[in-house]
Each structure stands twice: as C-alpha cells, then as structure tokens.
Amino acid sequence: MKMIVTGGAGFIGSNFIFYMREHHPEYELVCVDKLTYAGNMETLAPIMGQPHFQFVRADIADREAMYQLFEAEKPDVVVNFAAESHVDRSIEDPAVFLQTNIMGTQVLLDASRKYGVQRYHQVSTDEVYGDLPLDRPDLFFTEKTPLHASSPYSASKAGADLLCGAYQRTYDMPITISRCSNNYGPYQFPEKLIPLMIANALDGKPLPVYGEGLNVRDWLYVEDHCAAIDLILEKGTVGQVYNIGGHNEKHNIDIVKTVLHILDRPESLITHVTDRKGHDRRYAIDPTFIHDQLGWLPQTRFEDGIQKTVRWYLDNKPWWEKIVSGEYRDYYERMYAHR
Ligand code: NAD
Ligand code: DAU
C-alpha cells in the first residue's frame, strides 16, 4: 500500500504520519508539502531517512509537479491535509486560500483520476457548515446540514468539498470526505488558540481573547482524528461524508483559564481584544453516523488531552520557540497590535 499524504509537515498531517507509522508500519508513505510558514521539517526529523517514508517538497496546486509525482509513485491512496488553515489569515488575505484549498484540491483530484488511485480522501472541517446559535444547545451539525461558510477559509474548504462531491458523481471516483471539529495536541502551530495561549502564558505575555470569549468550539485530541481517518480509509463508503467530533464543547474563555490553571499562571494575563470579523459563534458536531457506521469513538478525554498537550509544549520548547520569532513576530504584530 502506497499512500500520498499532503500537508504532512503541518499539525494534523504530521500526527497522521506518526499514527500510520505506528499502526501500519508496512505502508509506504509519501509526504508532499510545500513548506509554507506552517510546515516544519523539524517535526518530521524523527522519520526522515527511515524505510517506507519519503518527503517531497512540492505545491499541490502545481499540476506538472503532481502529475510527475503520481506517475513516478503510482499511489494507491491520497489523503489531502494540505491547506491554508488559519481563519484570521484568510480574513487578512484570502487569495492564497482559494489557490491552495480549491485549485490545489482540483489538481489532486485530476491527478488521482488520471493515475487511477483507489481512494482519495479529503480532510475537511466542520466550519463548512457555518455556525450555530449560542442559545440552541440542542442543535448539532450532521452530514445533512447544508454548507453555509462564514470566512474565506471555510468558503475555500466548502468549495473543495463541492468539487470532491462533483468528481465523485461525474467521474465515479472513489472519494470520501471527513469534516472534523477543532483539533488540539502536539505540533500545532502557535497561531491557533491553545498553543498560542500556552506560549504566551509561558512567556508572561497577555493572552488575547476575542470579544468576551463566549464563542464555543468542539475540541478533539488530534490522535482521535487520525484514528477516524484511518477507519474511513479502511471501512468507509465511497461518496460518503463523515463528521468527526467528540461532544466536547467549551467556551474559549474556559479553555484559556484551563491552560492558565495547568501552568499555574494568573488570570490577570487574559486580555479581551477586538473580536474576529464574522466570528462563528458555536461549532458542534453530531458524530452519530461515524459511530454507528464505523464504530469510531474518541479515546481521549479533554481533561487528559489538554494536560498531555501542555506537557508537550513544556517539553518541546525549542520546537515552538524557533517559530515564535522571525516571520511569526511580524504576523503577531500585524494581527494583534491594534486590536
Ligand atoms: P496546518 O496549517 O498546521 O498545516 C498545513 C500544511 O499544509 C503545512 O505543512 C503547509 O506547509 C502545507 N501546505 C500549505 N499549502 C500547501 C500547498 N499549496 N501545497 C502543499 N502543501 C501545502 O494545518 P492543520 O491544522 O494541520 O490542518 C490540516 C487539514 O485539516 C487542513 O485541510 C484543515 O482545513 C483541516 N482541519 C483542521 C482542523 C484543526 O483544528 N486544525 C480541524 C478540521 C480540519
Ligand atoms: O473547527 C475546525 C477549525 O478549527 C479548522 O478548520 C481550522 O483550520 C482551525 O484553525 C480551527 O479554526 P478556529 O477559528 O476555530 O481556531 P482558532 O484556534 O483560530 O480559534 C479558536 C477560537 O478561539 C475562535 O473562536 C477564535 C478564538 N481565538 C483565537 C485566537 C487565535 C481567540 O479568542 N484569540 C486568539 O488569539
């Protein structure tokens, strides 16, 4: 079995590669990554040079490069994690989101069709459903919820999902899609809520909470996401969308307080800043379908997952300290200086 994993130098893609190495050591993995600001070769260092693994630096939207790669490797399976993934950056500059997330997906679909891959899996997000009101805890996203994206990021992911559906129906391609809720865990780039709050708390910097911090996200430990994708690849039905989430909804402010509590830092570090434009209020996945069909259930309780995550950032300071310098500093200044 040969599998192309795109975006494998990023947060979830790298965790997926490590997960697959452990659970399917016989698989040949080809990681394709452009190494944008979010891709990090240090993350992949432990696996570089090992048998059954190769790294290819390339842009998924580069048609020639992808066709050459597919021709050379003849992959059985493609799992597409590669994306521009940060909502705030998409609000600042949407163009690259459309280029990578939509055009890149189209190139991968064309390559998968041309070279006859046995399965193309698109890693999508619950954000394609838009948001839910805060005062209706009875409402959840199911696979039948209409797409209703709010940000340029989520619109680009919804566009990619629609393309996958269209290619599956028109060309009868073996495509599956998963839509997951917010992930947390090791190797997450510290522009996202949890690692940003951990890094700032450790540096004694203010913790910037958008608005009142009452928006709700549904948190899933990254390894549980990887296990779900593995199951979909093995037992999933072609043409099917699978929602992945663990009924673990939290207000942002409570996440931030939990991080401070674990690190024994004062809540006075919390600073309320101007809200995100078009800020989605609540995400909440109904995971009944994947549970009933494939038997998937999350294994990590939030209380344990957040402890493990904070511990990882404490134990791996050099990994994120290098990131929070250079380009990141300019980004942070642009995003947070005038909020
Ligand atoms: P990330 O930003 O940490 O990593 C993205 C990776 O893609 C990076 O390694 C980057 O270099 C690479 N990449 C970007 N553009 C590329 C291109 N044109 N060609 C090749 N590689 C490119 O993202 P993440 O949080 O790991 O998310 C991975 C996927 O999962 C994304 O598709 C995202 O939409 C989806 N997702 C993320 C979450 C979450 O909570 N983080 C939840 C649900 C779904
Ligand atoms: O739901 C899945 C999505 O989760 C993925 O598709 C995205 O790729 C991923 O980035 C994530 O999107 P969010 O916008 O939910 O994640 P983020 O970590 O950026 O923000 C989480 C919440 O925290 C959100 O309500 C905004 C808030 N926030 C975020 C940052 C960075 C703050 O209050 N302060 C901050 O500094």
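# Two ligands and their surroundings in a predicted model

**Strands and sheets**

- Strands β7, β9 and β11 form an open sheet in the order β7-β9-β11, and the pairing within this sheet is mixed. The edge strands are β7 (182-184) and β11 (249-251), each of which pairs on one side only. From one strand to the next, the twist averages 50 degrees.
- Another parallel pairing joins strand β6 (residues 175-180) to β10, and this pairing runs over four bridges. Within it, Ile177 stands opposite Val241, a residue of β10.

**Ligand 1**

- There are 29 residues around ligand 1, and those that come nearest are Ile12, Asp33, Ser85, Tyr153 and Lys157. Sorted by class, the shell around ligand 1 holds 13 nonpolar, eleven polar and five charged residues.
- Nitrogen atoms of ligand 1 take part in short distances to the protein: one lies 3.0 Å from a backbone N or O atom of Ile60, and a nitrogen atom is also 3.0 Å from an N or O atom in the side chain of Thr100. For an oxygen atom of ligand 1, the distance to a polar backbone atom of Phe81 is 3.1 Å.
- On its own, ligand 1 has 840 Å² of accessible area, of which the protein covers 97%.
- The elements that give two or more residues to the shell around ligand 1 are α1 (11-23), β5 (119-125), α6 (152-171) and β7. Of these, β5 provides the largest share of the shell, namely three residues.

**Ligand 2**

- Around ligand 2 there are 25 residues, and the ones that come nearest are Asp126, Tyr153, Arg276, His279 and Tyr336. The residues of this shell divide into eleven nonpolar, eight polar and six charged.
- An oxygen atom of ligand 2 is 2.7 Å from an N or O atom in the side chain of Thr125, and an oxygen atom of ligand 2 is also 2.8 Å from an N or O atom in the side chain of Asn252. With Pro208 it is the backbone that takes part, as one of its N or O atoms lies 2.8 Å from a nitrogen atom of ligand 2.
- Taken alone, ligand 2 exposes 690 Å², and the protein buries 95% of that area. Two or more residues of the shell around ligand 2 come from each of the elements α7 (193-203) and β8 (207-210).

**Arg276**

- Arg276, one of the residues that come nearest to ligand 2, is found in the loop between β12 (270-273) and α10 (288-294).
- The relative accessible area of Arg276 is 16%, and because buried means under 20%, this residue counts as buried.
- The side chain of Arg276 also makes a polar contact with the side chain of Asp88, at a distance of 2.7 Å.

Definitions and conventions. Residues are numbered from 1 along each chain as its sequence is written. Chains are lettered from A and ligands numbered from 1 in the order in which they are written. This is a predicted model: local features need pLDDT of at least 70, side-chain atom pairs count only at pLDDT 80 or more; totals for chains, interfaces and linings use all residues. Side-chain values use heavy atoms; hydrogens and water are left out. Two strands pair if DSSP finds at least two bridges between them. Axes are lines fitted to C-alpha atoms, for helices over the stretch in contact, and angles run from 0 to 180 degrees between N-to-C directions. A residue is near a molecule or strand if one of its heavy atoms lies within 4 Å of it. A polar contact is a pair of N or O atoms within 3.5 Å; within protein, one must be able to donate a hydrogen and the other to accept it, and residues adjacent in sequence count only if both atoms are side-chain atoms. Accessible areas come from the Shrake-Rupley method with a 1.4 Å probe; for residues, only the protein chains shown count as cover. Ala, Val, Leu, Ile, Met, Phe, Trp, Tyr, Cys and Pro count as nonpolar, Asp, Glu, Lys and Arg as charged, and the others, Gly among them, as polar. Buried means under 20% relative accessible area, exposed over 50%, partly exposed in between (1.4 Å probe, protein chains only).
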